[in-house]
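Reader: I'm new to this one and would like to learn how to read it. Could you show me the model and take me through a few features?

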Amino acid sequence: MKKHIIYSLCLLFSGIIFAQEDSLVVKKDTTKLAEVIILSRRKLNNHRQEKTLSSIDDYLEKSNKVAMIKRGNYAWEPSLNNMNSDRLNVTIDGMQIFGACTDKMDPITSYVDVSNLEQVSIGSGQNGTENGHCVGGGIDLQLASSKYYQSGLKTSLDLGYETNGNYRVAGLDLEYSGNTFYMNADGIFRTSDNYDAGGNNEVMYSQFQKYNVSVQTGFKLSENHSIDANIIYDKATDVGYPALPMDVSLAEALITSVSHNYSNDSTFIKTLETKLYFNTITHIMDDSKRPDVPIRMDMPGWSDTYGFYSKATTTIKKHRLLFNVNGYYNRSLAEMTMYPNDPNQPAMFMYTWPDIRTLYSGIFIKDSYVLNEKEQLSASVRFGYQNNRIAEEVGLESLRIFYPEIEDSKNRFLTSIATDYTYKTTNYDLTFGLGYGERAPSVSEGYGFFLFNSFDNYDYIGNPTLDNEKAIEINTKANYHNNQFHIGVEASYFYISDYIIGDIDETLNAMTIGANGVRIYEALSNASIFDVFLNSSYQLSKSFSVNGTIGYNYGRGSNDENLPLISPFSYLAEVNYKAKRFNAAIQLEGNGNQSNYSSFYGEDETPAYGILNLNFGNVFYTKGTKFVLKYGIENILDAEYSTFADWNNIPRQGRNFYVNMSVVLK
């Protein structure tokens, strides 16, 4: 009965016109009391979000091109243009940071929270190479900018509760802003028990607990010079991963930076920002809370990164130029210790990441040239040098079992090029872009040693002889606006040479008990990925509007196999009501049947689904205090479903009632 209701509503909403909020973000966040859009960046003010304390995962999932690969209820891995984190460049305020987990249980996005950030910048394909090389695109989680507002002391308190999983959230923010000095300190705490899927089916090992604190301060040295310092400490414990055979007892990060900023419109160099940074991550996997395992294992990992960048902007006639010189040094080390059930047998130890040292330096240049009042042409290039070195001799000898001729060090040169043409009038705009980019293999792809992948049930071995992966990209976007009506379409096509993916080696035996065999990272001669989205909106009246989006994605390799984790047909429809201090929305979102799944890489067919959400927002004031209240119901019909991006088909949350409140003291 529920399915019939959902499909009927889908047909009803399919007559509703769909909307796009900006070039990358779907207007899925409907309880905003205000909206601030900056190009393809959306202000990450948590008072404008559906929930006061939405997670970064929830926020990113609202983008057209972003999907979140879910292995549990915490730390989802971002995928952009149907490409996972290996093919992306994910940074925190331009800083390189690398996870310490061989199983991707700690994506970079898990080490910050909404309280730390001001906005998120998403660059598709080669438009995402400002901070580093990538194929699929770049995601930059941007910290708040300097705040010399002379506004004195401000305080805000955020509280949230959700019935599904007994999920609790609390946040506190203190800010002081003067003429030459500012300081911001914030903290947030999240904890959840196991959540329930549709039908009140408990999803075991889906609990987590996390807290995040940060301090940001700045001194204004003169009218044009200032110094800023940031420190973020993030710690998660007792994190369950229902899709995996192991959980996480600790995921801990310390992220620090100091920067000098110069700004002067009357000089040749308009702005100059130079930053030094350091971050360190400790991640510990264990299976101590699993009742029945073939063999007990501990799998700790560490990642330390030291880096810098210097960004400058200038204007020469009709040219707006951006330069970014950056570099970093990273150490990635991971171990595995296996404890046999027989106490008379010794523990077995090996390096799964054999202390890989990565040194990178590069330069990025972008020129935006205004042809006339309607046309603009932009071009960018990034050139980089990267050296990887295996510092652990035992790990090097282990890899030489499979690659006898390898050296302990390998140099790579990387190139990225992009160009875009934009034509814009009052009622419509058109953009066409081309790009070429390269990326080096990740630490796991190049140097991983018997990494178990529960998705296809194979052990994986890295390949240090892999060539750089290369991609040619074509993208286009068109929008039409006419009073209350808007419609837009955007599409991207990637032709990727030397596409890195695991290939079965029948001559090797698996190390993991129960695994199907061993895959070695190899390169397909090529792979193709395509996506297209149609968005539209209509303002019915001053208070009512309708909007939504539909999308189609496709991916296939030269071996004539479908690529894994490619989104099927997707849709979103929404009706909004907005008054001065109240708003409401009802949403229908879902996916079609995943018919083009990849059984060769461990996928099975994911059925179609559709869910209904209802949310409300209120704002009210008392003397010197602002209250923002958000409340609603997610998955109203308690549908039991999984998406294509849910690892091993773990089910998503069933019906969930939530209430969030923010109190701002001025």
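Predicted model: local features only at pLDDT ≥ 70, side-chain atom pairs only at ≥ 80, totals over all residues.

Reader: How is the aromatic pair of Tyr176 and Phe181 arranged?

Author: Rings of Phe, Tyr and Trp (its six-membered ring) pair if their centres lie within 6.5 Å; planes under 30 degrees apart are stacked, over 60 edge-to-face, and the rest tilted. Tyr176 and Phe181 make a tilted pair, 6.3 Å centre to centre with 40 degrees between the planes. Tyr211 and Tyr233 are tilted too, at 6.1 Å and 50 degrees. Tyr211 sits in strand S14 (residues 208–220) and Tyr233 in strand S15, so this pair ties together parts 22 residues apart in sequence. Strands here are DSSP runs (E, at least two residues), numbered from the N terminus.

Reader: How many aromatic pairs are there by this rule?

Author: The count comes to 26. There is also an aromatic cluster made of Phe544, Tyr577, Phe582, Phe616 and Tyr631.

Reader: Which strand does S15 join, and by how many bridges?

Author: Two strands pair if DSSP finds at least two bridges between them. S15 (residues 225–239) runs antiparallel to S16 (residues 247–263), with 14 bridges joining them. Ala229, for example, stands opposite Val258 in S16. S16 also pairs with S17 (residues 269–286), antiparallel over 16 bridges, and a hairpin of five residues connects S16 to S17. Across that pairing, Ser259 has Lys275 in S17 as its bridge partner.

Reader: Which residues have a charge over a ring, such as the one over Phe600?

Author: A charge sits over a ring if NZ of Lys or CZ of Arg is within 6 Å of the ring centre and within 35 degrees of the ring normal. Arg519 lies over the face of Phe600, 5.2 Å from the ring centre.

Note on methods:
Residues numbered from 1 in each chain as written. Heavy atoms only, no water. Helix = DSSP H or I, 4+ residues; strand = E, 2+ residues; numbered from the N terminus.
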